[in-house]
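Okay, everyone, thanks for coming. Let me put today's model up on the screen, and then we'll walk through it.

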Amino acid sequence: MPSSSSPVIVSIGGGKGGVGKSTLVANIGAILCSEGSRVGFIDADLGGANLHLCVGVRRPKFTLADYLGGRVKELSAVAVETMVPNSWLISGASDILGLANPKYAQKRKLLNNIGRLDADFILVDLGAGADTNVTDFFAAFPFGIVVSDSLPTSIENAYGFLKNATLRGLSRLFAPQSVFRHQLYRFADPGSKGGVNSVEELLSQVEREAPEETKRAREWLAGRGTFLVINMVREREDVEAGRKFADIVKKYLSINLFYIGYVIQDPKMRKSQKAMRPVVTMDDAAAARECFRAITRNLRTLTKGEAPG
Ligand SMILES: Nc1ncnc2c1ncn2[C@@H]1O[C@H](COP(=O)(O)OP(=O)(O)OP(=O)(O)O)[C@@H](O)[C@H]1O
Ligand SMILES: [Mg+2]
């Protein structure tokens, strides 16, 4: 049955490779489906797509490359079925030269059409990295999850990812020659002469010169829902790392980062990967299952304002 209202779109990124973005997408999606929601999976990783392998699709018949390359006109026509009932997948592409760097117009075309797809939730797996191809997508959707493990390198990458996404999102609000855009570069490079250390410092400095722009920037920041998940947790300290990270992000980036949960390091994940199925669909006793359920509950509440159905 087609969904009646427009979908809640959530993108999932995190900077570092291999921290569990696709695993999280597959498991959250499977839980949402089991609760009666229709879910769309989109693999926006155009360099090394593999989300299909997390939801039981060995070789997708169509991929995003068919749409971006113009061979298939409708975005909905490149969606394929997955092993998760009541879901569909638009697969990424890893073998098409040139598509790993789509032009902004191509990205726009994709972004404009995602919201028209038939689903209650659309989960967009962004793949690794913090370059503009990834962060433009993250900034374009009102909701985003950043995934990290608790190790310093991943946390550092997650911070860089959020910083880039915030700068991209803010800069897209204003014309290239505007005062605000110009000032943003000072934050992008805090070591430069007159550089600033935080988004708030930047906003208060430009407030007098550009009050309207500053207001719009504050509204954009306040209107977004950004969530944090710490994966592969082994001990209490790892959980704490998420709390500390969220505090730093709030302080320096003016993003209200909600820490929506953690996932423990679960040896059963290996079996799930071999079976090409989300672990929550194959093992009721998997330790990570309760973690994924708690995260999904928080996500549903914070995006739709509703308890699980
Ligand atoms: N909580 C966990 N416990 C144990 N293994 C995990 C956990 N989460 C993910 N993994 C494993 O870690 C590996 C990387 O996970 P995944 O592919 O989801 O990461 P990713 O962030 O999507 O990677 P990429 O950046 O390459 O897209 C996989 O083998 C997956 O099964
Ligand atoms: Mg992945």
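So, how many nonpolar, polar and charged residues does the shell around ligand 1 have? It has six nonpolar, eight polar and two charged residues, where nonpolar is Ala, Val, Leu, Ile, Met, Phe, Trp, Tyr, Cys and Pro, charged is Asp, Glu, Lys and Arg, and polar is the others, Gly among them.

Quick housekeeping: this is a predicted model, where local features need pLDDT of at least 70, side-chain atom pairs count only at pLDDT 80 or more, and totals for chains, interfaces and linings use all residues. Residues are numbered from 1 along each chain as written, chains are lettered from A and ligands numbered from 1 in written order, and side-chain values use heavy atoms, with hydrogens and water left out.

Back to the ligand. In total, 16 residues surround ligand 1 (a heavy atom within 4 Å), and the closest are Lys21, Ser22, Thr23, Asn231 and Asp266.

Now the polar contacts, meaning pairs of N or O atoms within 3.5 Å. A backbone N or O atom of Asp266 is 2.9 Å from a nitrogen atom of ligand 1, and a polar backbone atom of Ile264 lies 3.0 Å from a nitrogen of the ligand. From Gln273, a polar side-chain atom is 3.2 Å from a ligand oxygen. Which elements give two or more residues to this shell? Those are helix 1 (21-34), strand 7 (225-233), strand 8 (257-264) and helix 11 (268-275), with helices being DSSP runs of H or I, at least four residues, and strands runs of E, at least two, numbered from the N terminus. Helix 1 gives the largest share, three residues.

Zooming out, the chain has 12 helices and eight strands. Its C-alpha atoms fill a box of roughly 55 × 50 × 35 Å along the principal axes.

Technical notes: Polar contact = N/O pair within 3.5 Å; in protein donor to acceptor, adjacent residues only side chain to side chain.
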